[in-house]
Amino acid sequence: MTTDTDRAVPGEPEPRSSAGGVDIETRPPEPAGGESPRRWLGDRIGSVEVLAALLIILIIFREPIAAALDDPRIQTWTTVFVSIMVQAVPFLAFGVLLSAVIAVFVPRSFWAKALPRHPALAVPAASAAGVVLPGCECGSVPIAGSLIRRGVTPAAALAFLLAAPAVNPIVLTATAVAFPNNPEMVLARGVASLIVAMIMGWLWLRLGRTEWIRMPRRPELDDASRGRAFWAAVRHDVTHAGGFLVLGAMAAASINVLVPERWLQTLADNAWLSILALALLAVLLSLCSEADAFVAASLSQFSLTSRLVFLVVGPMVDLKLISMQAGVFGRRFAFRFAPTTFAVAVLVAVGAGAVLL
Amino acid sequence: MNRQAQAVILLLLGGAVIRASVTDLYLRYVKEGLRPFLIAAGLLLVAAAIMTLWYELRPPAPRALAPADGPTVGPDRPDGHDGHDGHGRAHHEPRVGWLLILPVLGLLLVAPPALGSYAAGQAGTALSSQQQSDYPPLPEGDPVQVSVLDYASRALFDRGTSIGDRRVQLTGFIATGADGQPILARMVLSCCAADGRPVKLGLTGDVPAGLPDDSWVEVTGRYSDRLGRDPVNDAEIPYLEVESWRQVPVPKRPYD
């Protein structure tokens, strides 16, 4: 594990200089051939022209498109897709705003002071910081990206990424409202989620490789004009994270329409099968963490422990999160991080269910 | 996707969100309480679009970062660097931003209806665990207006005690029940339509006949002690003894 720059020995100065040791791509200037994918469009047609043409075509063919969407299944898909996006937009905007502030206005030295020096201690501190920040998972991905960019050790940023959507006050209140007869559910959810976030942070310290995280260089963030850099960060994060959010919302809408609930009924009778089924369902449905407690409450044919698994896994691993993480941190990272988080979350939630429920 | 195109998409998305939240369109997709946040988020998107265009169309700052992204706009650019944000790999990434056109189209062109009978048939009735133990008396009025959710929980968990012999009036849409008979349903949301779950009511007496699924009706009737079962989640479905009904337009707030 010689490549592991995160494991700073106490007393030794941490290599915070290059964003906590993460590769921020510093590619040499584009080779001339880098243009080729766009060449076929010709030099005269830019994205704005393509966009304008696309919009005109869509407006002309509005009627046939509407007719094609008339099937109840496609209509339900569209409704669910649009509503996931509408629901997520304020949280995305809030997350992007905060991440742009972190990227542009908060000096690097602030994080060195705010978080414990030793990365192993920074992990629980960052998880605890997640408790006070209300928001859902769509917002926390760009925030975590910004934190890493600003030199916060990835382990702490990842712990924050996992803890923030799962244990904030709004989510815990929603859980209490959804389970009026089982107040212990709130405690179990909070404790299990915090434990998972910290385990993942520490696992990253031991096993994580910084080269898995590939974040593109963002020269505009160092712009001399703060305002210019801030709005460039907002624009980039909304189109970037938002685009991946669209991908995830499409996947979640498909699952919502294609998987009828009655399939679940047959799984509910077997204790282990029901845990796995609800864990997978949490990944596929990609519900907002502020809403998932109500859905869990309605899955009353399942045991409390399996529903706790649903609540712990959902905010940490789901289709739209995997899509956004792959976009912000790179695919090599997301395809290792998401399955590991899934396994840890299921195990911890089952353990917490056995002790607390 | 270059910066100007991103700005146009942000403008469209922000505009679509603001339009949906100042009209009642947003009520088809999310809860009412989200409205101020939607408007704020829409304004932020519009501001980001305007500021992007402002910085793009202005002469570059003294320390310009990407000479290729100069002030010249669009096709006149001599070197064809259009679309490069001047940073390494990034020309691959904002391409995913094109997808943001889909929610814009969904909100501006399609504006799909609120969840209806298809979604109600897919999911089990939401009333499967007791939410509340004692029910206050019904408000004044004859017939008294109650929501489908309120009637169903009183009928199920209170066995109709708090309804008694009162006449109730409720509004919902028609769906087809397991036995092929029409049922009255209404969706409840906790956050957005993705977590929408139906509350289902069986109908006896003067059952609304000849209406297609998804027609909205206002039914007046009395408590019935008959119970059915939802095959989807094996939960109990209460019944309503219908005395009269009439078709109504889709309500402003389609969810309970």
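Q: Which residue in β6(B) is the bridge partner of S224(B)?
A: This is a predicted model, where local features need pLDDT of at least 70, side-chain atom pairs count only at pLDDT 80 or more, and totals for chains, interfaces and linings use all residues. Residues are numbered from 1 along each chain as its sequence is written, while chains are lettered from A and ligands numbered from 1 in the order in which they are written. Strand β5 (residues 216–230) of chain B is joined to β6(B) by 12 bridges, and the β6(B) partner of S224(B) is Y239(B).

Q: What is the bridge partner of G205(B) in β6(B)?
A: Look at β4 (residues 197–205) of chain B, which runs parallel to β6 (residues 235–247) of chain B, with 4 bridges joining them. In β6(B), G205(B) is partnered by V242(B).

Q: Which element gives the largest share of the side of chain B that touches chain A?
A: Counting a contact when C-beta atoms, placed from the backbone, lie within 7 Å, 75 residues of chain B are in contact with 70 residues of chain A. The elements of chain B giving two or more residues to that side are α1 (3–22), α2 (35–57), α3 (101–110) and α4 (117–122). The largest share, 10 residues, comes from α2(B).

Q: How many residues on the side of chain B that touches chain A are nonpolar?
A: Nonpolar covers Ala, Val, Leu, Ile, Met, Phe, Trp, Tyr, Cys and Pro; charged covers Asp, Glu, Lys and Arg; the others, Gly among them, are polar. That side has 19 polar and 7 charged residues, and the nonpolar ones number 49.

Q: What percentage of residues 96–115 of chain B is helix?
A: UniProt, in an unreviewed entry, places "transmembrane region" at 36–55 and 96–115 of chain B, though such annotations may be inferred rather than shown by experiment. Residues 36–55 are 100% helix, with end C-alpha atoms 28 Å apart. Over residues 96–115 the end C-alpha atoms are also 28 Å apart, with 0% strand and a helix content of 50%.

Terms used: Contact = placed C-beta atoms within 7 Å. Pairing = 2+ DSSP bridges.
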